Each structure stands twice: as C-alpha cells, then as structure tokens.
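Thanks for asking me to look this over. Here are my notes, in the order I would read them beside the model.

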Amino acid sequence: MYQQDRIRGPEVRKVSTIVKREMIFDNIKVESRDKREAIRIISHLCSRHNAAYELRLIDAFRKRELLDSTGFGGGIAMPHARIRGLCDPVFAVVRFAWPVEWEAIDGEPVDLAVVAITPAEPEKNKHLPTLAMLARKLMNDEFVYNLKHCTDKNQLYDYMLREMR
C-alpha cells in the first residue's frame, strides 16, 4: 500500500477501477452545440450500444438537468445520472470538439464533461468518496488546465489516474 493510500483512504484505489480507458472520449462533435444533443451523445457513448439503456440515460441526465444545470464553470460540466439496478458506478470523460452551450453557472460554454452514472440505491453508493475527490480536483485550475490540454484520450486518462492517486 502506498503512503498516499493510507492518508486518503480506500477510495483512491477505486479510481482506476471506476475510470476506464474505454470511457474517455475525445474530439466529440456536437453539431448543434446544444446541451440536449450533447446529453444524447453522452448517453449513446456511455450505453455501449444498448438502445434501451441509452434511453434510460438520456431520461436520467435530462431530469437531473431540470433540477439545476450541471455546468460547473470554467468550461466543465459534470452531468450525472442515477440508475436503478446499476451494480457499479460508471465514470466517463467527454472532450468536445468545440464548446457546447450548457447553461453553466458562469455562463461560459462547456468543452469538457466529466460524467458520473451511479446506482440509485443508497446501499450501493460506495463511489461517493471518489466522486467527491473528482469534484474537488475539478475546482483546481491547474488540474483543469492540464486536463484540457492533454493531446489525446490516452494522455488524458493517464493524467487523471496519476493526479487522482
């Protein structure tokens, strides 16, 4: 066990099991530059070609956006959906080819979405420490700058894992 693991706790070891390389999507084109289309595309990417699951994701993401925009500010959105019956959380990173209007808190368009799909059942919410750590990282200007300036999806994935240890 690394010294950092003892300091931060067991959630750190879960980062590499939750954030998968195949769930990093780069240069994603949202032709309309509209949040609704972006959510549809994110749902498609995260559903892994399961049409029924894709529709559930679209519905869950849109319902969450009705409560309040997940546009974090600084060009970042953190859309999240709670899905009943999901066993393990799924995290994805979507970097858009061009900024998307998201109704973010700072009024700026979004070029990076950090996506969380989590179980709706409270007893399955073991991912919350990891989600909280990620949210804290997204408030760090240097982390966000470096994340946005990774040259490809592999570098983006490696950077996230390295910085979230």
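The points below go through a helix, a strand, a serine and the aromatic pairs.

1. Ground rules. This is a predicted model, in which local features need pLDDT of at least 70 and side-chain atom pairs count only at pLDDT 80 or more, while totals for chains, interfaces and linings use all residues. Residues are numbered from 1 along each chain as its sequence is written, and side-chain values use heavy atoms, leaving out hydrogens and water.

2. Helix 4. Helices (H or I, at least four residues) and strands (E, at least two) are DSSP runs, numbered from the N terminus. Helix 4 covers residues 51–67, and its 17 residues should span 24 Å at 1.5 Å a residue; the end C-alpha atoms are 25 Å apart, which agrees. The expected span is 1.5 Å times one less than the number of residues. At the start of helix 4, a side-chain oxygen of asparagine 50 comes to within 3.2 Å of the backbone nitrogen of alanine 52.

3. Its buried side. Tyr53, Glu54, Leu57, Ile58, Ala60, Phe61 and Glu65 are the buried residues of helix 4 (buried: under 20% relative accessible area, with a 1.4 Å probe and protein chains only). Their cover includes helix 3 (35–47), strand 4 (80–83) and strand 6 (110–119).

4. Serine 43. This residue sits in helix 3 and counts as buried because its relative accessibility is 0%. Serine 43 touches Glu54, Leu57, Ile58 and Phe61, leaving aside residues up to four places away in sequence (contact: heavy atoms within 4.5 Å). Its side chain also reaches the backbone oxygen of isoleucine 39 at 2.8 Å.

5. Strand 4. Strand 4 pairs with strand 6 in the parallel sense over 4 bridges (pairing takes at least two DSSP bridges). Arginine 82 has threonine 118 of strand 6 as its bridge partner.

6. Aromatic pairs. Rings of Phe, Tyr and Trp (its six-membered ring) pair if their centres lie within 6.5 Å; planes under 30 degrees apart are stacked, over 60 edge-to-face and the rest tilted. The count is 2 pairs. Phenylalanine 96 and tryptophan 102 have centres 6.4 Å apart and planes at 40 degrees, so this pair is tilted; both residues are buried. Phenylalanine 143 and tyrosine 159 have centres 5.4 Å apart and planes at 25 degrees, so that pair is stacked.

Methods: Buried means under 20% relative accessible area, exposed over 50%, partly exposed in between (1.4 Å probe, protein chains only). A polar contact is a pair of N or O atoms within 3.5 Å; within protein, one must be able to donate a hydrogen and the other to accept it, and residues adjacent in sequence count only if both atoms are side-chain atoms.
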